[in-house]
Amino acid sequence: MAEAIVSIVVGRLVDLLIEKAQILHEVRDEIQRVVTELMRMKTFLPDADSRIDVERISILLRDVRELAYDAEHAVESFVIKASSTKKPFQWMNRAKFSRKMKDIQKKMSILFNLFSDYNIRPTPESSTSSNRESGKLKRFHSFTTPEPQIFVGFHEDVECLVRHLVNEADDSYPLISICGMGGLGKTTLAQKIYNHSAIKTHFAGLAWVSISQKWQTDRVLQRILICLAPENRNSILDMDTDELVEYMLQIQERKKCLIVLDDIWSTDAWDSLKAAFTSEKSVSKLMLTSRNVKVAEHVNPEGFIHQPECLSAEQSWELLKLKALRTGDCLDNTRDVERMEEIGREMVEYCAGLPLAIIILGGILVTKPSLIEWEKVYRDGKSSLKAGKGLGEAYQREILSFLVWSYNDLPSQLKPCFLYLSKFGEDNWIKSETLYHLWIAEGLVLSSDKREGETMIQVAESYMGELVHRSMVQERFNDVESALTKFKACSLHDLMRDMSLIQAKAEDFFDDTHFQSGNEFHLKSTAESRSAYTRLVIHLDEEYSSKKANSYFSKKGNKKRYRSMLFLGDFGPESLPRALGSHNANFRFLKVFSLENYTNFCGLFTHINFGRALGALVYLRYLSLRDTNLLVFPSLKNLVLLQTLNLDTYKEIYVLPWLSRDVLVKLDCLRHLYLPKFKVQFLGSESKFRFNGLSKLETLENFDTSWCEVKDLRELINLRKLRLTVADGFDILEEMMKNLGDIASSTSSCLRYLGVTISYCDIELNINGLTILKQLVYIC
């Protein structure tokens, strides 16, 4: 991980030297010297990483990470201070910065001496290259289409279970259970059955819901009912538990439904749900997957329990071959195919017929097309493979060492991206576009991996593609051809997430804190990370309520320097935890802050306080206040490094007068902007939001002519996605069409997606009106 962090910081510093060339002109040489030393330090890290089990090496690597972050922070601080004054090169600022750079170089010298003392050597391939291309990610797939699903060994199981489900005889089973150890392919088998043509023909309603280890009864029932009666979605979300149960019983009596409860862990989970499945008049059926056969027996002792067997040796090789040696891949024509098969069969023996282990092994081999590389994998991986032997004999925990091997095989820039996924809840599907923004804001996506004409979002998607190609991440593809990202959402298999959490903890990647109803404690006492720089994830349950008012982001600190803070939960909290108040760490170093689905900002004073607090987080690159009822605050203009701003909400938004119309124009690093969906009310003013100066903007959502300045659109020359509403009248529509026409006809236009909503414009079907409509069709 230290190698990845150093690469991230080097990339960030080089990017700043380009993006802020004018501001950094007088200190460029000092920054470049630090960059050069960091790149030299990076050559020692692979050897050090291989000995991370030694405590003193582990401490050394932690010091390397923190020193890299110190260098990044020093340069960003200079940029922020220089951007906020008309005299950016005042002697005091310049001298203070020089002292910081010299101090960092002294610390580097100490670390180089320690490398020598610990006999840590630079790697030959890295030491011979002094440019950023040496760590460039090699891409193995274009990822423009979904990868073919590989399914081996369970075809007879599918047909057998489908027959049981569609059987309407007296001896039919009301419940079908698929039970077995993690990684056996239970969910994949259930998905094959769920999507079978006979099932879709036989059942009038289908619903699939993942239960996981943390479930909420109402939430589970809501998801099932929305699948079965999507037309009643809004009313379903307003129902209490008794109403949800009653509606579930009615639907199951009224039409044939197949309801799948995937990954149900405990009898307690079933007991909380069973009232919704107890109707004797039900014509529906239930299918569940579980690691615990006792759960299936508890649900219905008369149900049919299917326990899939592990794959045979021949089936195991077939699965590995389909994953690792795909048709159409650019393989080495000189390879010894027979020897590769011999090695593959030997390696797959250690997987003990467990499909997940075989797929993970295939994900490693698919990026190594030559015989020499396969032989190296076999030599390097013997210890991991042997640790996995006997998986079919109930030694489930030992698969983790096998999964860690797949993690260690990742290129350095993919490791932190993979670990980032473990921040999110079990069985959660994460929106890919949001994840890419977070990766980029954290600096995990390297600009050195950009190909000509690519955006950072496209580089982030190539990272995701590599993780998918290696079978480390599950994906859903976008079904909209015009979508800017091919991957719609992603998630981790529960065993892969377990491994990721263990690895993230071992590498001090983030602190994970849960606030539950009735509990109130402080981050200072719960944070376990030994690193000064860390990330913070706060999980809030549905009914969490802080006992005291919050004093937002106090600067009374401890030794922590949190780089990011995410509030996660299915529902918005009733209030924010005291952990943000005066008893906690210094949050002013945050680069990512996300607080969503929170509507308890009551009163102008509360809004202003919170707005001022956020405006002090000057290092932010990502700020999401989606579905909150916040004021748009004037201090937003202080966030000069901001790259993504999400204010998307259906709730009413108010803006302080006269101070805020130009609040965005200084944010020249902004790439992605999501505005509120409803009209923004300017208190005491008819002003409109200005967008001049945002020439780097790539995404602009919910632009509304009733409160956004139309003439500024022509300056947004790098827009790739634009969604707008025209709601001011025919004159505004004409002006909008002219601006859009100029953008569309420009040879340098980057626009790939355009969504236009016309509302209350009084278009008359005369020559001018028809011309406008024709223009709109042409542009779209």
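Axes here are lines fitted to C-alpha atoms, for helices over the stretch in contact. I am working from a predicted model.

**Helix pair**

I looked up how H15 and H17 pack. H15 covers residues 313–324 and H17 covers residues 355–365. Their axes lie 8 Å apart, at an angle of about 35 degrees. I noted the crossing of H15 and H17 as right-handed. From H15, the contact uses Ser-316, Leu-319, Leu-320, Lys-323 and Ala-324. From H17, I listed Pro-355, Ile-358, Ile-359, Leu-361, Gly-362, Gly-363 and Leu-365. I then sorted the residues of this contact: eight are nonpolar, three polar and one charged.

**Lys-20**

Where does Lys-20 sit? I found Lys-20 in the loop between helix H1 (2–19) and helix H2 (28–42). Is Lys-20 buried or exposed? Its relative accessible area is 7%. Buried means under 20%, so Lys-20 counts as buried.

Next I checked what Lys-20 touches. Leaving out residues up to four places away in sequence, I got Val-79, Val-640, Asp-668 and Cys-669. With Asp-668 there is a polar contact, side chain to side chain, at 3.2 Å. Cys-669 is 649 residues from Lys-20 in sequence. In space the two are 9.9 Å apart, C-alpha to C-alpha.

**Cysteines**

How many disulfides are there? A disulfide needs a pair of cysteine sulfur atoms within 2.5 Å. By that rule I count zero. I also looked at the exposure of two cysteines. Cys-160 is partly exposed, at 24% relative accessible area. Cys-179 is buried, at 1%.

Terms used:
Residues are numbered from 1 along each chain as its sequence is written. This is a predicted model: local features need pLDDT of at least 70, side-chain atom pairs count only at pLDDT 80 or more; totals for chains, interfaces and linings use all residues. Side-chain values use heavy atoms; hydrogens and water are left out. Buried means under 20% relative accessible area, exposed over 50%, partly exposed in between (1.4 Å probe, protein chains only). Helices (H or I, at least four residues) and strands (E, at least two) are DSSP runs, numbered from the N terminus. Contact means heavy atoms within 4.5 Å. A polar contact is a pair of N or O atoms within 3.5 Å; within protein, one must be able to donate a hydrogen and the other to accept it, and residues adjacent in sequence count only if both atoms are side-chain atoms. Axes are lines fitted to C-alpha atoms, for helices over the stretch in contact, and angles run from 0 to 180 degrees between N-to-C directions. A crossing is left-handed if the near helix is turned anticlockwise from the far one by less than a right angle, and right-handed if clockwise. Ala, Val, Leu, Ile, Met, Phe, Trp, Tyr, Cys and Pro count as nonpolar, Asp, Glu, Lys and Arg as charged, and the others, Gly among them, as polar.
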